[in-house]
Amino acid sequence: MCGICGYVSKKYIDNNILQKMNDSMVHRGPDDEGIYVTERENGHLGLAQRRLSIIDLSQAGHQPMFSADNSVAIVFNGEIYNYREIKHSLRDKYNFISECDTEVIIASYLIYGKDFLKHLNGMFAIALYDFRSEELILARDRIGKKPLYYYNRDNVFIFGSELKPIMLHPEFEKNIKRDIIARYMYQGYINAPDTIFENTHKLEPGMVLIYKNGHVKKDIYWDLTERYFLLSKELIKDYGEAKNGLSKLLFESVDQRMIADVPLGTFLSGGIDSSLVTAIAQRNSSKAIKTFSIGFKEKHYDEAVYSKEIANYIGTEHTELYIGESEMLELVESIPIYFDEPMADSSQIPTMLVSKLAREKVTVTLSGDGGDELFCGYDRYDTVLKFQKIDKLAGLVNKLMSFPIVRNIDILSNLSVGVQMAITNRNEGRKTQLGYDKFINQIYSLIKGDSNEVLYNIEENLSISNWQQRLMLIDLLTYLPGDILAKVDRASMKYSLESRCPILDYKIIEYSFSLPHKFKYSNGEKKYILKDILYDLIPFELLNRPKKGFSVPINKWIGTVLFKKLLQFSEKKKIETQGIFNHDALQEIIKSIGVSNSNNKSILAYSKILWHYYVFQAWYSTYIENLWE
């Protein structure tokens, strides 16, 4: 796990600039650093990397790394889990001199050409320069576990694992992409390919980019939607076969992700996904693995006691930390430093805390991310099913009401009105958005000028009759990479901790597409097949409980400890200088909170939108008003 950055520029760039860019990511790689600068036919090339040593801790793993014939240079962030198998298959074609996976990427590229990515199973952001063709090649893993940003303007191409190194390049221009603000205010994060800045992008998951002579060409080497529609055509109908197949893949995936030359552990929340990963990891280990949990001092929200019970049953070496509001508040100010574009998922706070706890004992952790999106685990999947039933009922009632004799029956007439009202209460035409009309209107009122549509049009292109399945696919395309994986990457790397996600192995993702939906959602039971596999490892009684969830008291903070800062962020001069938000509409909301900060209804009505606003302004103060530098 590392941080990478670099550039291709027509202008000469002082080496100290690249060094400064690289050092801005020291938290991602405190163990080693390397930079390489040269002049090529198409401009000045700079490659840099900060290394967190995980596999082959020797200097043989130093980056930038060059091929034996010096035809290729690479900087790489991530892990290739099948690197040993690839290395074995290529041992007669390439002379390996290290035990690290970076060299395997170089060998794969030289042997397979631009098809090399199809052979890699892992999480990665790769920047490879081919001196023969004078091409810079960027690639991101299939599901988007590792981040990769790039800036392209006027024959200047800059890339980085984060925005910070890009912002430090003298040719970068900090122009906010204003048409993305509405969507950020709605969802609390910004999806690829967009970023908060103009001319600056995230490389999409499963994509490869080639930069040469000022031109960018992008291609997809793994298309999630295409794989879904292809694999869902022939479903595995035998449940026993499906369960055994999925279980085998899970055990293999966890086993691959336990390969490391440094201490390893797991995040254990006590939920289905983390318990499954931890139980499998312990089965694969000859000694007690280390597990980590965060507890909440308020008993109403605390689930650490369940994590401990599960850890005791599995036989892990368990560490837990109980925290309160003060510990969480201490991290609020650091959010814009480590999340260097606006990111307002408040669960980033407990994720940072458990990462800090784990880093005291391990360098690598396994997490349960991906189980909800792949196996129908979120509560909103229950809700969307209810909406689909309403929609079907509406169709039936409307058909009945087309007959004159039926229109005169009062009970059916009243039912028709009731169904139509229910449909009106959701966002018509965007069934998966679950009726956030009021919230959306608040956003439009706050943003100055014409603001772009906050919702995705993506589902209109997904012809999936089951609304649950459609929402799951949308979450895999948007929410998982844009929010969940970005959050975990930044929160863990804040403490130089590598987080691996066994459930998101692409083989498991593809296998899940071949399973009937009823194996995932059965009679109201979410994640049915995952739970069935887990109950073979941990007793049902230890897991059969309502999920409380780890609550960050944003509602309370908005009306109390963060309120003074909100006022500062909303001063008229500041708002007018930005030219982004509507000052009058903003003041109306803030005053309603300030007049009665004990009024729960007022706080609940506006806390989400004000938290998103707070995080944006904290980011703005840090990077646009240059408090960071």
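Which residues in H7 meet which residues in H8? Select both helices and find out.

**Before you start**

This is a predicted model, in which local features need pLDDT of at least 70, side-chain atom pairs count only at pLDDT 80 or more, and totals for chains, interfaces and linings use all residues. Residues are numbered from 1 along each chain as its sequence is written, and side-chain values use heavy atoms, with hydrogens and water left out. Helices (H or I, at least four residues) and strands (E, at least two) are DSSP runs, numbered from the N terminus.

**Stop 1: two helices**

Select helix H7 (residues 239–256) and helix H8 (residues 272–284). They pack at an angle of about 70°, with their axes 9 Å apart. That makes H7 roughly perpendicular to H8. Angles under 35 degrees count as roughly parallel, over 145 as roughly antiparallel, 65 to 115 as roughly perpendicular and the rest as oblique. Axes are lines fitted to C-alpha atoms, for helices over the stretch in contact, and angles run from 0 to 180 degrees between N-to-C directions.

Now show the side chains. From H7 come Leu250, Phe251, Val254 and Asp255. They meet Leu276, Val277, Ile280, Ala281, Arg283 and Asn284 in H8. Contact means heavy atoms within 4.5 Å. The residues of this contact divide into 7 nonpolar, 1 polar and 2 charged. Here Ala, Val, Leu, Ile, Met, Phe, Trp, Tyr, Cys and Pro count as nonpolar, Asp, Glu, Lys and Arg as charged, and the others, Gly among them, as polar.

**Stop 2: an antiparallel sheet**

Next, pick out the open sheet of 6 strands, in the order E4-E5-E6-E7-E11-E12. Its pairing is antiparallel. Two strands pair if DSSP finds at least two bridges between them. The edge strands are E4 (65–66) and E12 (215–220), and each pairs on one side only.

Zoom in on E6 (residues 122–130) and E7 (residues 135–140), which are joined by 6 bridges. Aspartate 130 stands opposite glutamate 135 in E7.

A cis peptide bond joins glutamine 63 and proline 64, with omega about 0°.

**Stop 3: a parallel sheet**

Select E15-E14-E13-E16-E17 in that order: these 5 strands form an open sheet with parallel pairing. Strand E15 (317–323) and strand E17 (498–500) stand at the edges, each with a single partner strand, so one side of each is left without a neighbour in the sheet. Neighbouring strands are turned by 30° against each other on average, direction ignored.

Find E16 (residues 364–366), which is joined to E17 by 3 bridges. Threonine 365 has serine 499 in E17 as its bridge partner.

**Stop 4: a hairpin and its neighbour**

Move to E8 (residues 149–153) and E9 (residues 156–160), an antiparallel pair with 5 bridges. Arginine 153 stands opposite valine 156 in E9. This hairpin has 2 residues between the strands, and aspartate 154 takes a positive phi near 50°. Asparagine 155 lies in the loop between E8 and E9. Its phi is also positive, about 60°, although it is not a glycine.

E8 also pairs with E10 (residues 200–202), in the antiparallel sense over 3 bridges. There, tyrosine 150 stands opposite histidine 201.

**Stop 5: a pocket**

Finish at the second largest pocket, with a volume of about 740 Å³. On a 1 Å grid over the protein atoms alone, a cavity is a set of points where a 1.4 Å probe fits but cannot get out, and a pocket is an open set with protein on both sides within 12 Å along at least five of seven lines; lining residues have an atom within 4 Å of a point. Grid points are joined across faces, edges and corners, and a volume is the space filled by probe spheres set on the points.

Of its 43 lining residues, Asn191, Ala192, Glu204, Pro205 and Leu477 are the closest to the centre. The largest share of the lining, 6 residues, comes from H19. Last, select alanine 192 with proline 193: their peptide bond is cis, with omega near 10°.
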